[in-house]
Amino acid sequence: MLLVGLALAAPAAAQDAPALSIRPFVLGAGQSFAAVDTFDAVFGRSYDVFLGGGVQVVVQDCFYFEGTASRFTQKGQRAFRSGGQNFRLGIPLTATIIPFEVTAGYRFHLSPRLRPYIAAGVGTYGYKETSEFSDPAENVDVRHVGFVANGGAEFRLHRWLGLSADVQYTHVPGILGVSGVSQQAGENDLGGVAARLKLIVGR
Amino acid sequence: MPRFRARTIAATLGVAAALVLTLRGQAPDARPFLQIADIGLPAVEEGGAVWNESHVPWTSQARAGRAAGVELVRAGVSGRSYATGKVIVRFRDEVAAEERRSIVRQASSTGEIATRRPYADFDIVRINPGEDAEAVAAGLNLRPQVLYAQAAYRVHATFVPNDPQYADLQWNLRLVNMEKAWDIQPQAGSSITVAVIDTGVAYRNATFSVNLRSFTHAGIRYPALGVQTIPYAAAPQLVGGSGSGRVVAPYDVISSGGNSPFDFDGHGTHVSGTIGQLTNDGIAVAGIAFNVKLMPVKVLGSFWDVIFGTAPSDGGSDDDVATGIRYAADNGAKIINMSLGSTGPPDCATNSNKFGCSPVVESAMKYAVGKGAFIVVAGGNEFEDNDPQFGANPTSVLAEIASRINGAVSVAAVDPSKNRAYYSSTGKYIEIAAPGGTSRGFGRNGFVFQQTFDFNFTDTFDPTVVPPSQYRAPRFDLLGTIGVTGTSMAAPHVAGIAAMLMQQGITDPAAIEEALEKSAVPLSLTGGDSCPPGTSAVAPRTCSFGFGLVDARNALRGLGLAR
């Protein structure tokens, strides 16, 4: 009981949290793409890494707004999908996804060191696709709005440093599914589920 | 000046299951024909030949680099490919050397200015090959001391064969986007074997001793010529140099392997040329998959086969065709071209044992596809025919079978204007179209040209070729660039592209069919689709063109995630 109480006790520094806190962060995410067959056909796998960062504005130590920018880029091969089989054609292809996301969330007071949170918001997702032997008009450079929701917990390592881990779901319609392998696979969501780690600087 | 025949020949040979063609007056000798194989002079190639050093789109360094996993070329975000490891920079003239080095180091920690090349007014900045050259260039472009900076974008000529008659005669290869396809795959099918199930192929030199007796043809009595020595030459543009190993597992089905599959007609040799005539060698014309291995499988006899006694009839029968298909599949053919056919009832799909249907061929085709072979069948030349039993525009039985098998396609023919060739049969069984040529409206430029026998010297029995008074023994050692038309010529375009597609990575026959059909270019229907009465094709297919004109570049290029 004593140990639990000590663990849950707010450090002295937390008892005087500022009304408004601006906290930059860097993040890394491992994402499993919703378009499993599409990504598997071209890249040989349907999961990959996003790297980025952003800034969080925390109000009254509870509510917060967060802006995040990240980037994914990967090289694969142009492919063809038939009868559930993937055939890669040896023609290099590079895909880049650059999301800009804005979320609003709430941080729960479970303990001064451990702050679970949930958030939801919108994002604008840029997608670029270039291939060898392509005419310029055959490359892709589009941006579409998507939706994002996440939930996790932040662990305060230090008065000025925190580490958060969460799971984020994104839904990005309008880019995949119109043509290409994604149309063959019947997949139209560029989003997916990601496990994220953020290193946050600030109180 | 290439020779060409203005006559329209029936490029798909009639196959009648129960019909045996006989020649009146022929008295077959027990042994009228003696083959002395492998003894013969090389072919006389009409039209001249010029041998040139060939240029190769991919340098040996690039190939080796790709094989070793070294990335020498990268696709930039601009969409263009660039050579890694360097950036092109033009500094203002007044910028001192030390300042240039400093600017470069600020843009890239690994940047070093190389010694300027003669005749260049720009500098090459060497960077780590792993760096993004476009990003480095973008950083340099922000500096006022830099006039311009760019990645070293790759340039290469679209592969245009140096075969001298390519540009003049081969509208057909440009129609299916072969130049860009060769850029994608310069190997052009080098690991694939294509079986040509046809009249045989001119694949080896020989000399024949033949007792030419008298016969009657087209109502004309031709005199006996006695024992004649008939030269036969391999088509140089097919077999390449001696020992090239290009021709594999040749087989004469008609004699159950007793004879070699010599082509005494020229049809099979011409078809083989579209599939894989040697290309970029400074001679004659080009072929599509010019590095494939060819497998001659003779299932059709010709007029001279009957005279020589090497075939019972002009044409063939379903059992020969089925045996040939099975032989090809069992001996490693991954693509099977069948520029042959026959007309029959339109409803074999619902009753394959009905008279006129060919269940033996259907079974063989399914067997071959099951063994991983992709089959291409000519769609038929009977659009303007009126069969007394099957009516106008009768169904091409073997093409209809192909349309029901995933992994086999039926091919219609188009002319240089991408209109349906006047002869090309139509029906909902047509799956794709390719250039077959036409004798109407385009003159010489409507034909499909490949190397084969000069008919003036082979078809001495044909009064439209050689006056009967000048009848003489044939010779099969004079070859030229000969133009013909037919769905027989259309089919090998698809076979050659399929071979390249299989080498590119699509190894399943059904997937090849799907890739070809999905990448085909839909064609407009001037005057509407010409479906047989009471039938229609389901969109996006048409009775005239199937899914459209085959496009080699689209097929080989495949798909990205989003486009």
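Reader: What makes B:C543 count as buried?

Author: In this predicted model, B:C543 has a relative accessibility of 0%, and since buried means under 20% relative accessible area, the residue counts as buried.

Reader: Why is B:C531 called partly exposed?

Author: The relative accessible area of B:C531 is 23%, and because partly exposed covers the values between the buried limit of 20% and the exposed limit of 50%, B:C531 is placed in that class.

Reader: How do you know that B:C531 and B:C543 form a disulfide?

Author: The sulfur atoms of B:C531 and B:C543 are 2.0 Å apart, and because a disulfide is a pair of cysteine sulfur atoms within 2.5 Å, the two cysteines are counted as joined. The angle about the S-S bond is 95°, and the link of B:C531 and B:C543 is described as right-handed. Both cysteines lie in the loop between α15 (509-519) and α16 (552-557) of chain B, 12 residues apart.

Reader: How many disulfides does a search of the whole structure find, and what is the pairing in chain B?

Author: The search finds two over all chains, and with the bonded cysteines of chain B numbered in sequence order the pairing is 1-2, 3-4. B:C348 and B:C357 also form a disulfide, with a sulfur separation of 2.0 Å; their link has -95° about the S-S bond and is left-handed, and both of these cysteines are buried.

Reader: Why is A:C62 called buried?

Author: A:C62 has a relative accessible area of 14%, and because this class takes values under 20%, A:C62 is buried.

Reader: How many aromatic pairs are there over all chains, and why is the pair of A:F39 and A:F43 called tilted?

Author: The count comes to 34 aromatic pairs over all chains. The ring centres of A:F39 and A:F43 are 5.7 Å apart and their planes meet at 35°; because stacked needs planes under 30 degrees apart and edge-to-face needs over 60, the pair is tilted. The two residues are four apart in helix α2 (residues 36-43) of chain A, and about one helical turn separates them.

Reader: What makes the pair of B:Y232 and B:F264 edge-to-face?

Author: Their ring centres lie 5.6 Å apart with the planes at 80°, and because planes over 60 degrees apart count as edge-to-face, the pair takes that name. B:Y232 is in strand β12 (residues 226-232) of chain B and B:F264 in the loop between β13 (251-252) and α8 (267-276) of chain B, so the pair ties together parts 32 residues apart in sequence.

Terms used: Residues are numbered from 1 along each chain as its sequence is written. Chains are lettered from A and ligands numbered from 1 in the order in which they are written. This is a predicted model: local features need pLDDT of at least 70, side-chain atom pairs count only at pLDDT 80 or more; totals for chains, interfaces and linings use all residues. Side-chain values use heavy atoms; hydrogens and water are left out. Rings of Phe, Tyr and Trp (its six-membered ring) pair if their centres lie within 6.5 Å; planes under 30 degrees apart count as stacked, over 60 as edge-to-face and the rest as tilted. Buried means under 20% relative accessible area, exposed over 50%, partly exposed in between (1.4 Å probe, protein chains only).
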